[in-house]
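Please keep the sequence and the model in view while reading.

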Amino acid sequence: MLMLRLLVLMIFFGCVGSGNRMLILLPQKSYSEYVQEYNSCTGKGMISSNGPLKGKLSFTFKSQRDSTFFQFGDAIGRKALLMWITPGTVTARNLIENKQYDYDEIMKFFPFLKIMEPNDITEFIWGVEPSYKEKFKTVDKSITKNIELNFRSEQLDNEKRALVEARFRDKESRQVVSINVKNRNRNSEYVNMKKVWKLLKY
């Protein structure tokens with residue numbers, strides 16, 4: 001059950017929603033512009049699930065170029081899951097059950113992942129709405145007809161209109177999952193991704 005709560009992280013792309021305030025906004029930068037200007041992106045957030053699966057888990061993230069590393073913690077502060085994302089793969093290790101998952105195994109639990117790419121997750125983490133719609137059109141309608149995907153933007157730290165929430169809803173199963181970014185820092189410093197990659201290995 002824990003794994004099902006955690007891996008829903010990979011379903012969070014859709015339409016940008018409006019913030020709560022009227023703001024004069026600058027055009028949003030693209031993902032490529034961000035990675036040219038900054039070397040890494042770090043932060044923290046919360047994933048919450050309502051429906052057949054219920055619960056909340058905190059997470060921290062580290063991203064550099066096209067790779068992103070997540071560390072999830074449970075309600076009592078234990079490190080529960082590590083997840084590594086690259087453009088073509090998603091790898092996850094359940095620390096509590098001491099079990100490794102690869103992208104194909106995750107897909108068996110979540111067939112709706114066919115509508116999105118792993119690099120979409122990295123773009124969201126950097127604060128950019130992924131271009132998922134063309135991919136969405138190519139997926140069997142029996143999968144997409146019950147899925148709703150939405151984004152919400154609001155002020156975060158000193159950023160007037162930051163992408164802070166992604167909300168997934170499966171109308172058939174009545175499962176709703178929200179991913180909220182509570183803090184995001186784009187940095188000039190590099191992250192030692194080799195070090196965090198070792199945490200996923202036995």
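Is Ser58 buried, partly exposed or exposed? Ser58 counts as partly exposed because its relative accessibility is 33%, where buried means under 20% relative accessible area, exposed over 50%, and partly exposed in between (1.4 Å probe, protein chains only).

## Basis of the model

This is a predicted model, in which local features need pLDDT of at least 70 and side-chain atom pairs count only at pLDDT 80 or more, whereas totals for chains, interfaces and linings use all residues. Residues are numbered from 1 along each chain as its sequence is written, and side-chain values use heavy atoms, with hydrogens and water left out.

## The surroundings of Ser58

Ser58 belongs to strand S3, residues 55-64; strands (E, at least two residues) are DSSP runs numbered from the N terminus. Beyond its neighbours within four places in sequence, Ser58 is in contact with Gly45, Met46, Gln71, Phe72 and Gly73, contact meaning heavy atoms within 4.5 Å. Lys182 lies 124 residues from Ser58 in sequence, yet their C-alpha atoms are 9.9 Å apart.

## Salt bridges

Side chains of opposite charge can pair when their charged atoms come close. A salt bridge is a side-chain nitrogen of Lys or Arg within 4 Å of a carboxyl oxygen of Asp or Glu, and the count by this rule is six.

One of them joins Lys29 and Glu37 at 2.4 Å, N to O. Lys29 is partly exposed at 32%, and Glu37 is partly exposed at 42%. Another links Asp74 with Arg78 at 2.6 Å; Asp74 is buried at 12%, whereas Arg78 is partly exposed at 44%. Arg152 and Glu154 also meet in a salt bridge, at 2.5 Å. Shared partners join Arg152, Glu154 and Glu165 into one network of salt bridges.

Methods
Helices (H or I, at least four residues) and strands (E, at least two) are DSSP runs, numbered from the N terminus.
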